[in-house]
Amino acid sequence: MHEAAWLERNLLEADMPPWNRTGGEETSIYIVVDERPHTAGVRTSHVARFDGVVGFGPYLGGTRARQAISGLHRAFPLSYTRDRLTATERDIATRRGVGPHSRKRLAAAVISALDGTNTEAAREVLTAARDRAAAALNFELAARIHSEVAALEWVTSVQRVTVEGGGDQDVCGWADGLAITFTIRGGRLNGWDQRECSRSAAARANAVTLPEWAEFAQRNAELAAALIRV
């Protein structure tokens with residue numbers, strides 16, 4: 001799960017034991033949707049700078065981000081709407097029935113897939129393409145598209161523990177005499193502690209926990225309380 005992977009990364013970075021430093025596949029990366037005529041398309045970026053484009057992320061793992069982009073290009077070929085295409089690209093664009101007139105529509109489809117408002121549309125297109133490839137016994141292509149579907153699920157899954165431009169806060173939950181507090185600094189959940197206390201002693205911390213974090217904190221407090229009493 002993407003959120004769990006980010007949480008592990010944040011906790012490791014907070015302590016950074018030399019034998020367990022992160023890197024490689026766990027590189028932080030962004031996905032950029034570009035609707036400009038000369039550069040239209042979807043691509044990765046290692047920096048959170050989105051002048052003139054729409055950015056999403058950060059995501060953990062360049063491979064999955066690139067697989068998701070491949071799937072989005074397959075479903076919504078935004079890059080084939082650029083003003084300047086090679087002869088081969090123009091031929092593909094013609095066969096796909098896309099061009100500059102399709103740019104806004106395809107960009108909107110990509111954005112809605114990435115922001116979660118209509119990920120299902122991309123999933124349906126890719127699933128149908130995978131099934132056609134399998135029916136034609138093109139199993140290598142079917143496997144590649146299947147990986148793209150999984151990658152799209154990865155990048156669009158709920159992920160709150162690393163938020164670009166996020167602030168500082170403490171998130172608290174209480175269950176069965178145990179309070180658990182998660183610390184969020186700079187938009188990253190990077191620490192936690194637990195202590196035994198009464199409900200009233202944890203009431204103030206619970207009261208200032210944001211609603212979107214309340215269920216997360218409560219669920220983890222219940223789990224921690226159950227484990228500590230085993």
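A search of the whole structure finds zero disulfides, a disulfide being a pair of cysteine sulfur atoms within 2.5 Å. The model is predicted, with local features needing pLDDT of at least 70 and side-chain atom pairs counted only at pLDDT 80 or more, while totals for chains, interfaces and linings use all residues. Residues are numbered from 1 along each chain as its sequence is written, and side-chain values use heavy atoms, leaving out hydrogens and water.

Select Cys-172. Its sulfur is too far for a bond because the closest cysteine sulfur, in Cys-197, is 7.0 Å away. Cys-172 is buried, at 6% relative accessible area; buried means under 20%, exposed over 50%, and partly exposed in between, with a 1.4 Å probe and protein chains only. Select Cys-197: this residue also counts as buried, at 16% relative accessibility.

Next, show residues 169-175, which are β4, and 188-196, which are β6. Strands here are DSSP runs of E of at least two residues, and helices are runs of H or I of at least four, numbered from the N terminus. β4 and β6 are the edge strands of an open, antiparallel sheet in the order β4-β5-β6. Two strands pair if DSSP finds at least two bridges between them.

Now select helix α7, residues 199-207, which lies across β4, β5 and β6 at about 150° to β4. Angles run from 0 to 180 degrees between N-to-C directions, with axes fitted to C-alpha atoms, for helices over the stretch in contact.

Terms used
Contact = heavy atoms within 4.5 Å.
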